[in-house]
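I opened this entry to get my bearings. My notes follow in the order in which I looked things up.

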Amino acid sequence: MREGVRYKIERFFKDTLIHIFLIIVSVTCIFPLLWMIGSSLKTQQTVFSDMRIIPAHPVWGNFYAAWTRGGFGVYFLNSVFYTVTVVFGIMIISSLAAFAFSRLRFPGKNILFYMFLAAMMIPLPGSFVPLYVLMTKLHLINTRIGYILCMINVGLSFSIYLLKTFFDQLPAELEDTARIDGCSRLGIWWNVALPLAKPAIAVIVIFNSLNVWNEYILATLIFSSKSLMPLQRGLMMFQGAHITQYPLLMAGMTMTTLPIVLVYLLMQRHIIKGITAGAVVG
Amino acid sequence: MKARDIFKNYLFILPAVAIFSVFYIYPFFKVFALSLCQWDGIAQFDFAKSFIWFRNFSELFRDRIWWQAMLQAGYITLIALTFQNALALTLALACDRDIKGGNIYRVIFYLPPVLSEIVVGLVWRWIYDGNYGLLNYWLQNIGLSRLVTDWLSNPNTALTCVAIIHCWKGFGWGFIIFLAGLQTIPRQLYEVARVDGASSWQLFKNVTMPLMVPVFILVSILTILGTMQVFVLILSMTNGGPGYHTEVPVTRILASMVGSSRFGYACSQGIVFGAILLVISFMQIRLSKYMRQA
């Protein structure tokens, strides 16, 4: 009995210490975000003097000014457009390929699949150099379609791998019934494979969305017109041109961050699954 | 199987293979061709005319800034391997015991890895700022004025400051992988060992550690590959400065390409760096096989 009480007290103290440690780390994770949001609500005069995190008189006009004068409205809509088109493209193209690699027979199947796998494993730093050369040659520099194709390629290997392993686990009987019912291969892909692969597709959609939304370097090399640039590139442009306009910059950064954080909070289960899957590939 | 069927099957992979060939395979081989050339990226590319044998590579081996950048990336990697992974493991161990609110912590710790490197870099750049930064403001308020410095412009502190933010952004990822690894360890093992009178430390050393070796190797390979190639965070925090004190290999590649229009040289840098990364990951895979046998 005494032992039990002692154990409980010990456990209580240990848990409290652990919680304190975890809370401190959590605060350092969240604090910079709060600081960013708080600063986006200050004026140009108070932003350097008012060190409170949330200002007494929040100025919401910064968001309007950043959206219009700062150009973040254009960048934001561009980012949404690129993210939606790239993710949609990856979803269709990778699920078609993964379905074929898992279910259909054709010569050279394994070699082609290993080629996609190898692309994930071989590090190619500075691959943006030849990519830029290629884009110039194809007259795809400073075009939306050029950027979209590049970004589809970036997400392709991982998505094909993830979907193929998922399709491999599906029982073959399912498509046999569909085939007897007279479904074509394309019909089986659309009516049977895709609906069943929803969990894997969710991982692919979320991961690639985060990746496209946060991408910077290809957007920098490909775009020179402001009207085509996505958010990350726009932030660096704004930062370079108006280095002291912190409230507007912070408002732009808040606009960049909030959608990502919302998607993350809604979808965190799928994201955790995806990280573990991604790590196992590497 | 009829030829028509095979042809139809190929149509399924056609879009993927086409995009992959144009945007991955072609650039992959182009890197090797360009690395043997001197080319400014503007003039019409003529392989025969611009071919200069291995001169880009021999220049690269004498390029002091390049190797300085390599060392600096190595320094950031070393900090990430030790500090970031130790923190990730500690947090994973803390959350693995059935603690209240474990899921909330998990969500919070993975928040920084979700954010873009540009946003992270710009926020911290301002916090570190010498004149208006929050860090200096706090240091003055708690009476540590002698520590006040322009963190990112001071050659002595800039690289470490960048490394710390890199760890801040990355530890949540390691945490998730470690936690997933810990959760595969059967609970009965702990119970049996505890009945036998093992202390917490003995449990950790003799049960947890050996079973986690594959996870440790995995996390360290990915940490090294990821950290050595860091650069967007650096572009948004210091852009390589002050001087060359926060340059890393990829920012050098970018500088050769965009800054001095030396596309061939940039490609030779990419190849040498890629080869170094490949050697490192092979060594670690061999090491993991050796350790599994031992």
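I began with burial: a residue is buried if 20 or more other C-beta atoms lie within 10 Å of its own, exposed if 12 or fewer, and partly exposed in between, with C-beta atoms placed from the backbone. This is a predicted model, where local features need pLDDT of at least 70 and side-chain atom pairs count only at pLDDT 80 or more, while totals for chains, interfaces and linings use all residues. Residues are numbered from 1 along each chain as its sequence is written, and chains are lettered from A and ligands numbered from 1 in the order in which they are written.

**Helix α13 of chain B.** Helices (H or I, at least four residues) and strands (E, at least two) are DSSP runs, numbered from the N terminus. I looked up α13(B), residues 249-259, and found eight of its eleven residues buried. Among them are P249(B), R252(B) and M257(B). After α13(B) comes S261(B), with a positive phi near 50°.

**Chain A overall.** I counted twelve helices and zero strands in chain A. Its radius of gyration (taken over C-alpha atoms) is 24 Å. The C-alpha trace of chain A spans about 75 × 70 × 35 Å along its principal axes. Of the 282 residues in chain A, 41% are buried.

**Where the chains meet.** Two residues are in contact if their C-beta atoms, placed from the backbone, lie within 7 Å. I found 68 residues of chain B in contact with 63 residues of chain A. Helix α1 (residues 3-35) of chain B gives the largest share of chain B's side, 19 residues. That side divides into 57 nonpolar, eight polar and three charged residues. Here Ala, Val, Leu, Ile, Met, Phe, Trp, Tyr, Cys and Pro count as nonpolar, Asp, Glu, Lys and Arg as charged, and the others, Gly among them, as polar.

**Two residues of chain A.** Which residues does A97(A) contact, leaving aside neighbours within four places in sequence? I found I160(A), F12(B), I13(B) and A16(B). Next I checked I275(A), in helix α12 (residues 246-281) of chain A. I275(A) is partly exposed, with 18 other C-beta atoms within 10 Å. Not counting residues up to four places away in sequence, I275(A) touches W173(B), I176(B) and I177(B).

Technical notes. Rg over C-alpha atoms; globule rule 2.2 N^0.38 Å.
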